[in-house]
Amino acid sequence: MDLQQLIEQTAEGLGYEVVDVESSPRGRLLRVFIDAPDGITVDDCATVSNQLSRVFEVENVDYDRLEVSSPGLDRVLKKATDFERFAGETIQVRLNLPIDNQRNFTGTLVGLTDGVVTLETEKGSLAIPFEEINKARLVPRF
């Protein structure tokens, strides 16, 4: 089982969604971003951190530091389900290849259908193949 699967299985077993996992070169620092329908508290982060520490010890995962936190207001969108769940929200998208000489777009996420993400921008509706998205994140409203 790879590290990502181990982390997801552990967090999901506690009732949390793993939004993202980042590791530094050589895996010395592990950052795990978790979410839940009602949001994340410091206690949630501590619960997941303590459980992951125990699991890593048993599984002989070599690391120096573990950070567990909420994904923040500018949460990253990675999974297909994210693009369905956050329909109606404003997002920023960076593409692998440009469309009309542009790689970065901001607009209202309409949703994901048949592998295509639809984004309403100032210039109109934009259909982006899911696999062409390099990065996407929510744009917080204040």
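Colleague: Where is N101 found in this fold?

Modeller: Keep in mind that we're looking at a predicted model. N101 is found in the loop between β4 and β5. D100 sits in that loop too, with β4 covering 90-99 and β5 covering 102-113.

Colleague: Okay, and how do I read the backbone there? What is the phi of N101?

Modeller: General idea to start: most residues other than glycine have a negative phi. Now the case here: N101 isn't a glycine, yet its phi is positive, about 60°. D100 is also a residue other than glycine with a positive phi, near 50°.

Colleague: Is D100 buried or exposed?

Modeller: The cut-off for exposed is over 50% relative accessible area. D100 comes out at 74%, so it counts as exposed. N101 is exposed as well, because its relative accessible area is 81%.

Colleague: Which polar partners does the D82 side chain reach?

Modeller: Look for N or O pairs within 3.5 Å. One partner is the side chain of R75, a polar contact at 3.2 Å. The D82 side chain also reaches the backbone nitrogen of K78, at 2.9 Å.

Colleague: And what is D82 in contact with once I skip neighbours within four places in sequence?

Modeller: With those set aside, D82 touches E17, R75, V76, L77 and L109.

Conventions
Residues numbered from 1 in each chain as written. Predicted model: local features only at pLDDT ≥ 70, side-chain atom pairs only at ≥ 80, totals over all residues. Heavy atoms only, no water. Polar contact = N/O pair within 3.5 Å; in protein donor to acceptor, adjacent residues only side chain to side chain. Contact = heavy atoms within 4.5 Å. Helix = DSSP H or I, 4+ residues; strand = E, 2+ residues; numbered from the N terminus. Buried < 20%, exposed > 50% of the residue type's maximum accessible area, 1.4 Å probe, protein only.
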